[in-house]
Amino acid sequence: MHNVIIVGSGCAGNTAAIYTARANLKPLVVAGHEPGGQLSLTTLVENFPGFPEGIDGPLLVENIRKQAEHFGAEYLHGTVIEADLSKRPFRLKVDHEWLETRTLIIASGASARWLNLPNEQKLIGHGVSSCATCDGFFYRGKKIMVVGGGDSAMEEANFLTRFASEVTLTHRRHQFRASKIMLDRARANPKIKFLPGTVVDDVYDTAKNEVTGVKLREVDSGKTWDQEVHGFFVAIGHIPNTKPFKGQIELDPDGYIVTRGGARTNIEGVFHAGDVQDRVYRQAITAAGAGCMAAIEAERFLEAEGH
Ligand SMILES: Cc1cc2nc3c(=O)[nH]c(=O)nc-3n(C[C@H](O)[C@H](O)[C@H](O)COP(=O)(O)OP(=O)(O)OC[C@H]3O[C@@H](n4cnc5c(N)ncnc54)[C@H](O)[C@@H]3O)c2cc1C
């Protein structure tokens, strides 16, 4: 029987592990299919406080994990595939084994949707990004492409005009899903060029390990051409990693955990941390802060129950 199991080893899960380990709760962290979480996909992180020169994402998240291990947190390679949260102790199936826990912190993140272009994954962190707040600063005076037709694509495109010489917004349809106000704002921005009815077939250049351009295709005519860009931002949404908890815990229509304030969920003893609940900020520092909140809530919950 565990005091606390933490699902996910990104910034949120690892920070929750530091706090619960230092509270002597001997947390078990289930690392998941992506140990280190989304920061393990990126290169330089310049906005995490405490690193004036910036720090590589994988190193940052590895350091948080080491800090947690230093205080006694244990890590399990594996993925939660099923959960029974109907009664306590909560039960989690990690690969083939069922584990029991008094409290649960779900920090399983939300994965960006990608276009699945042949070179896209190879260039993530080298010009391909899913986060304008994170990476926009690297493209001062450069040409940027944003892909998407919803509010987040408009928001990212607008934000990126602070840095870019021009932003091309590509969308496969002629109609945009974005709200009128967001669309109008983007349309009024002289730095944003709209390219509707167009899809991206691939992004270049893996040989140089940086983005130099994209191959575009007009949907109606099938005409293809190359366009020079240096930053390629995919803004077609995120998928919260809540599949094993579906039907067990309250989720919103998109699958994000619904908060009951602080780090609380609709089930007492089950807490959320990081991007799995946060569709707004989605930053390493906010995820780490949420991990801290969840850990303190779990600790107080256990204390109130006499553990
Ligand atoms: C390319 C890129 C660059 C970024 N750059 C920055 C930046 O410069 N600055 C910044 O502040 N933020 C940046 N971000 C955002 C930041 O990475 C996220 O906000 C942060 O990682 C969220 O942390 P998290 O712990 O909530 O989730 P994640 O980092 O997504 O971690 C989720 C964890 O849950 C695990 N998991 C998922 N499902 C299961 C399961 N069923 N069982 C067990 N484990 C599971 C995964 O393996 C993973 O370890 C960037 C993101 C990307 C994609």
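Where is Ala 273 found? Select Ala 273 and you land in the loop between β19 (270–272) and α6. Helices here are DSSP runs of H or I with at least four residues, strands are runs of E with at least two, and both are numbered from the N terminus.

Before moving on, a word on what is on screen: this is a predicted model, where local features need pLDDT of at least 70 and side-chain atom pairs count only at pLDDT 80 or more, while totals for chains, interfaces and linings use all residues. Residues are numbered from 1 along each chain as its sequence is written, and side-chain values use heavy atoms, with hydrogens and water left out.

**Stop 1: around Ala 273**

Stay on Ala 273, which counts as buried because its relative accessibility is 0%. Setting aside residues up to four places away in sequence, Ala 273 touches Ala 12, Ile 105, Ile 106, Ala 107, Ala 290, Gly 291 and Ala 294. Contact means heavy atoms within 4.5 Å.

**Stop 2: the largest nonpolar core**

Which residues touch the most other members of the largest nonpolar core? Pick Ile 6, Ala 17, Leu 39, Leu 60, Ile 105, Phe 271 and Ala 273, out of 34 residues in that core. β1 (2–7), α1, α2 (57–70) and α6 each supply at least two residues of this core, and the largest share, 9 residues, comes from α6. A nonpolar core is a set of buried Ala, Val, Leu, Ile, Met, Phe, Trp, Tyr and Cys residues joined through side-chain atoms within 4.5 Å.

Zoom in on Ile 105. Leaving out neighbours within four places in sequence, Ile 105 is in contact with Val 4, Ile 5, Ile 6, Val 7, Ala 16, Thr 20, Phe 271, Ala 273, Ala 294, Ala 295 and Ala 298.

**Stop 3: α1 and its partners**

Two packed helices are described by the angle between their axes and the distance between the axes. Show α1 (residues 11–22) with α6 (residues 284–304): their axes come within 7 Å and cross at roughly 40°. That angle makes α1 oblique to α6. Axes are lines fitted to C-alpha atoms, for helices over the stretch in contact, and angles run from 0 to 180 degrees between N-to-C directions. Under 35 degrees counts as roughly parallel, over 145 as roughly antiparallel, 65 to 115 as roughly perpendicular, and the rest as oblique.

The crossing of α1 and α6 is right-handed. (A crossing is right-handed if the near helix is turned clockwise from the far one by less than a right angle, and left-handed if anticlockwise.) On the α1 side, colour Cys 11, Ala 12, Thr 15, Ala 16, Tyr 19 and Thr 20; they meet Ala 284, Ala 287, Ala 288, Gly 291, Cys 292, Ala 295, Ile 296 and Glu 299 in α6. The residues of this contact divide into 10 nonpolar, 3 polar and 1 charged. In this sorting, Ala, Val, Leu, Ile, Met, Phe, Trp, Tyr, Cys and Pro are nonpolar, Asp, Glu, Lys and Arg are charged, and the others, Gly among them, are polar.

The axes of α1 and α2 come within 8 Å and cross at roughly 20°, so α1 and α2 are roughly parallel to each other. Their crossing is left-handed. Cys 11, Asn 14, Thr 15, Ala 17, Ile 18 and Ala 21 of α1 meet Val 61, Ile 64, Arg 65, Gln 67 and Ala 68 of α2.

**Stop 4: α4 and α5**

Jump to α4 (residues 151–160) and α5 (residues 180–187), with axes that come within 9 Å and cross at roughly 30°. Asp 151, Met 154, Glu 155 and Asn 158 of α4 make the contact with Met 182, Leu 183, Arg 185 and Ala 186 of α5.

**Stop 5**

Most residues other than glycine have a negative phi, and most peptide bonds are trans. Select Arg 88 and Pro 89: the peptide bond between them is cis, with omega near -5°. Finish at Lys 26, where phi is near 50°, a positive value in a residue other than glycine. Lys 26 is found in the loop between α1 and β2 (28–30).

Conventions
Buried < 20%, exposed > 50% of the residue type's maximum accessible area, 1.4 Å probe, protein only.
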